[in-house]
Amino acid sequence: MKVTVLYVGSSLLAPLKNAEREINRQHGLDLSVATWNFGASFTEEEWRAIEGDLRAAQILFVIHVMDSENATRLLSFLDRSGDRHRAIVVINCMPELMKRTRMGKLDFERLPGISSRKGAKTQSNAKGQSGEGATAQASQAEKATGLLRSVGSWIGRQARGNGGTNGQSKGHGRAQYLKFTNHLPSVLRFIPGAGALRDVKNYLMMFCYFLQPTPANIRSMLLYALKHYVDDERVGKIKIPPPESMPAVAIYHPDAPALFESFASYETWYKKRGSKFKDQSSKINRKPLNPNSTIGLLLMRPQIVSNARKHYDGLIRAIEAEGLSVIPAISTLMDNREACGKFFIETKSKARRPKSDGRHSKASDNGQLTTDSKPRVSQIVSLTGFSFVGGPAMNDSEAAAEFLTRLNVPFRSMVSLDTQTIESWQESFSGLNPIQTGMQIAIPEIDGATEPFVFGGIPARGVEPAPLEDRCRRIARRLKRWHRLQTGPRDQLKLALTLYCFPPNKGNIGTAADLDVFASLFDVLNRIKQEGYRVEVPESVDALREMLLGGNSEGLGTTANVASRMGVDEYRRLCPFISEIEAEWGPAPGAINSFGGDLLIQGITIGNVFIGVQPTFGFEDDPMRLLMAKGGTPHHGFAAFYTYLEKVFQADVVVHVGTHGALEFMPGKQVGLSDACWPDRLIGELPNVYIYSVNNPSEGTIAKRRSYAGLISYLTPPIENAGLYQGLASLKEMIGNYRRATVETDREQLFAAIQQHSRELNFSLSETEEIALGARTSRPHRLGGETVSSS
Amino acid sequence: MVVADTIHSKIVNMPDIQTNQLMDPRAESRADPLERDRRVLDLYEQLLEIEQRLIPTGLHVFGRASELSEKADLLRMVASFDRPEHGARALPKLVAEALGIDRYDALLQEASASETRDLIDSIVSEAVRQFCEDGADAAVKWLNSRAGVDCEKSLPVFLLLANIAEQLDSNHEIESLMRALRGEYITPGPGADIVQNPSVLPTGRNTHAINPYAVPSQMAFARAQGTADALLRRYFEEHGRYPRAMALVLWGLDNIKTQGEGVAQALHLLGVRPVRDALNRATEIEVIPLDELKRPRIDVVMTVSGIFRDLFAPTMALLDKAVRRVAALDEPFDMNYVRRNVLEKIEVDGGEFDDAVARVFSNAPGNYGTNVNFMVMQSAWETGDTLGDLFVTRKCFAYTRDSKGRTIEGREARDLMDHALSRVEATYQNIDSFEVGITDVDHYFEYLGGISKAVEKRAQARPAIYLSDSLSPQTKIRSLEETIRLETRAKTLNPKWYEGMLKHGFRGVAEIENHVFNTFGWSATADAVDPWIYTDIAKTFLLDSTMFNRLQELNPYSVRSLTQRLLEAHDRGYWNPDEEILEKLRDLVDNLEDQLEGVV
């Protein structure tokens, strides 16, 4: 017997494969479960294999499929294949697919309300009436089909609610989800398993199993389908356990024996565990769960429940290895505010109250921040890959930003490879594929998420997610660096401010769109001094500029003062990528930003502040490079600059001043960078803050994704009407006179004067004519061209 | 074809098309009073266009409140758009309605200044002036008594303006920077011109892009139809037929800010519209039938920036899908230029449909930019073809599916791009901003100029080059030459602009030099700069000794670059001024070099 499952995500594959094995072992069956991750795009060859599996399957599950390309193809296959399958079970897919559910007498297409608003309304009516004297049976039937409609149209309604101004629709998905998980099993008990409602009940049962995708439940879901829709006496007798239930929100830790339903129980366990580690590693946090050094993680519930969580474990351990504590909370996926409120926020009143099991929510459990509440975490890292409020099919970014603004801890969103394998990501020039980029990078960004790393995925030959060790380490170390910025003594923190100079000549030092860089810099320096950072502020804007422009620059032939000379030996020792750069640019130090065998770091150091000038791409010294279709590596000078910031000056943070520099445009993947990508290598572990023009969201986003920058927008310059000046103003006056003149001879004279004056302004009437005539008169245009040109 | 002919004749007979009278060489000498009036009015229109154009008048200093002394111009422009998200309608529309003037939109499109439009403009200006002086209530009352505008209708407009004015008077940028340095959360916010989206205020936020699946929005598509039609109308007026193919430049910048107007323009030229799937994502397209479209489908070659490629991958797939769908339609060649060009290519060169239909081109994955700007900057090119070829070298990566149905993440396809460009007769880019114009940054000439140069060689004719002004209540299509003149007059040569820059001293001089360089870039890539522009630049900044001394004092390095650039314009034959001017410029460079080298 054969079941085919089309799914999206990384949590289902392992439980499905496990279920196949277990079912065959326990019940002596010959079940084969074919699985396809429908989030990916397929080749024709793969489609042929998919269609083979579709044809051979007695039962077909379609789960979480949202991509229209693959769905379209699947729909057309289903159209062609007729009633081949015993059952088609579609769960949480786009509405067109939902309608294809066919089980016995149940046909979603004939079920009114699956994809329209009306249906949702009907459902609530049905509920309203159920208590009003209808017979128990009719009420059950209504309740059951009402639920079915609700389950079937859930995703569609969420999508329609997206971006709507209707506040009700926004909270809908979450409430619905909780209702399903909490109440569905108990409601189902009263629905008869035979008769007209048999298939309705069956669908809802399988949905129940699916909602809590533990390995046992996934096994039960498959068995349930086999038992009811495959004619085989071997399965008919199998007893299937009721759905296992897991808490909707909880704290997970890889070392803990079970989930924690309250922070208090987690805290007790965590501290006890911490004491055991004391002598093992000096890096382990001495003050476990100190809010200043605790990272709140948001995990996807299905991954935890399905036991597909090795990638989470990898990241958690990497963070703990940096001496930080963690609170890894599993969230309901629809609205992370609940898990945050419950686990990441401490309210005074609550602390005094006896410990509750967390079931009955307090104000803070709903994510409400009150004046006497404070965060238990100093940074939040979402591993869900979805919007903070709203889940996969919608996003309420306004609510997210409002919540996070009040909580006021940085929010990062990391991505696990759900629709491509680790290998395909590694090999890809683009990195993360467009589907995930759209949904899991672009949308969390609107919530204010920064530093989008890929941290895990499923290897081509595996079934379970695995962590990407080096990415996890980089994430963890960057969190640690931000932790230092949050907690380190101000007068010891080192700040690097990076300016540009483009095109590279002295006149252009401080290049930035619409920004007076030196005046801005001067104000910033004064302010950071006030804040307690150690900086020696020059006496004026001009003095500051002179320091950069002058100094030793003339002697060294550089555009700006040289703050440091990095010998090739030092560069070789500190920059691990040197051999790749040498392969492209020749032996270090090379011709750019170098002098007397040293690499030159341009800038000035004033106290704990380094103001540097970012090197350019380096084309000016080697025009032939312009002709290359693809770039390979930055030049030695560029690599040396960032090596200096991180390893010699040992900056705690770099601020890029103004729109825009070259770092984020260095070669590498587009998004979801690896350790082979240059922006990732160059920025390393250094926190990056980027002062960026508010009217340039596009290039700013590249900086955000490729150099892990947090943007601080700046206002564009004042804008006013151009007005008229000099000759143009007098021309307008003459025209006014002409229009007012009534005597024909006056008008003739004025016209002649206008003509004369407008010609002097190179603004003659002939120009007006040219505008009217266009290129036809001003330039010969080839009118033929019906033959294909030979070039 | 009968259909085509009817459509052509319809367009030719459209009343708003210029008649031939202006082409008559005798017109001027004849001095027919009506014709004379018409000419003066045309000139007047052009002056108004310059006068009312919004320009930046300085630079921003991070953390400081806007130095805008006069907010009225900006606020008036903000108020001239419908703002459904603020429940506010365009003020001119409200005034027009109250005065019983219908068709205000049509009025905007009219070529000549009309008294009605002047009247509406003057009422709006006065209302905004009143607002600036006495606040929202005063303005609302005045509008009601002067034009009978419903107070309830105008109030939301002035509340919005009040909010903007307040935001401009305060600034939290430095505070945000300090928050970031302390490792706090930075609230996200949209990115755009203030006029486009006043919600960009307050600044000091973490600017974000948009959901690519939301592109193009319905509003963007509606606006794009008007723009694309105006573009075709303009080409038709000038050439008597439609372009066989057009090359469009698509950037992430304007498509984020306009929710995809550039994308929507491309779709409309092809004669398709986007369709939303059940999850409200623009992932499908629908063909607009020819009898509804009433014109041929235009072949469109899309060169997208590396940034667009990164931000709008699903949109690239949508565009590719649109071209494929159109190319596969069973329609006559003279109504479907895509199909004609694709099938002709297959017939002549052989090859596969999947290759012949490639129209979406960008950089190699992980690479950005055309390098044309760098080459111009370094004066490192021989002939224009060098620049056009460089553009193709950098941009010839096709983002489409192959014959196996696989999405290829950018395969080098120089031949395909060469061929697609060989059919192009017009190039175009959507401009969405007052803040960033075509001489403000080098990216416009590297893209639109670069592709135009590439087309010139491959199609063996210089294409007509157009730009639109999409951030404007009325849709304007201008030729590149017109746009350069307008930008030069409104900005580079305008004391209001350069004095604003010079308030910022050193950096201001660099900005002026930068504008001259970007203007020069249009000569290099598109031969589109009138010689008088260089002459006036020289006169304004270098030959006027008072001005020259000021600039030299502030930033001699940039003055040297500026002077050298003008001399290069002469050397390359873009400008042939009096020998006297050249002599003077050469002297200036010599003196500057002595001064700067002498420092050693």
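**View 1. The interface between chain A and chain B.** In this interface, 123 residues of chain A are in contact with 137 residues of chain B, two residues being in contact if their C-beta atoms, placed from the backbone, lie within 7 Å. The side of chain A that touches chain B comprises 61 nonpolar, 39 polar and 23 charged residues, where Ala, Val, Leu, Ile, Met, Phe, Trp, Tyr, Cys and Pro count as nonpolar, Asp, Glu, Lys and Arg as charged, and the others, Gly among them, as polar. The model is predicted, so that local features need pLDDT of at least 70 and side-chain atom pairs count only at pLDDT 80 or more, while totals for chains, interfaces and linings use all residues. Residues are numbered from 1 along each chain as its sequence is written, and chains are lettered from A and ligands numbered from 1 in the order in which they are written.

**View 2. Strand pairing between the two chains.** Strand β25 (residues 719-721) of chain A runs antiparallel to strand β1 (residues 54-56) of chain B, and three bridges join them; strands are DSSP runs of E with at least two residues, helices are runs of H or I with at least four, and both are numbered from the N terminus. Two strands pair if DSSP finds at least two bridges between them. Within this pairing, A:Glu720 stands opposite B:Ile55 in β1(B).

View 3. Because six of the six residues of strand β23 (residues 688-693) of chain A are buried, the strand is largely enclosed by the rest of the structure; a residue is buried if 20 or more other C-beta atoms, placed from the backbone, lie within 10 Å of its own, exposed if 12 or fewer, and partly exposed in between. One side of β23(A) carries the buried A:Asn688, A:Tyr690 and A:Tyr692, and the other the buried A:Val689, A:Ile691 and A:Ser693.

**View 4. The parallel neighbours of β23(A).** Strand β22 (residues 653-657) of chain A runs parallel to β23(A) through four bridges, with A:Val655 opposite A:Val689. Six bridges join β23(A) to strand β24 (residues 709-714) of chain A, again in parallel, and here A:Ile691 stands opposite A:Ile712. From β23(A) the chain passes through helix α28 (residues 697-706) of chain A to β24(A) in a right-handed β-α-β crossover, meaning that, with the strands pointing away from the viewer, the path from the first strand over the helix to the second runs clockwise. β22(A), helix α27 (residues 678-683) of chain A and β23(A) likewise form a right-handed β-α-β unit.
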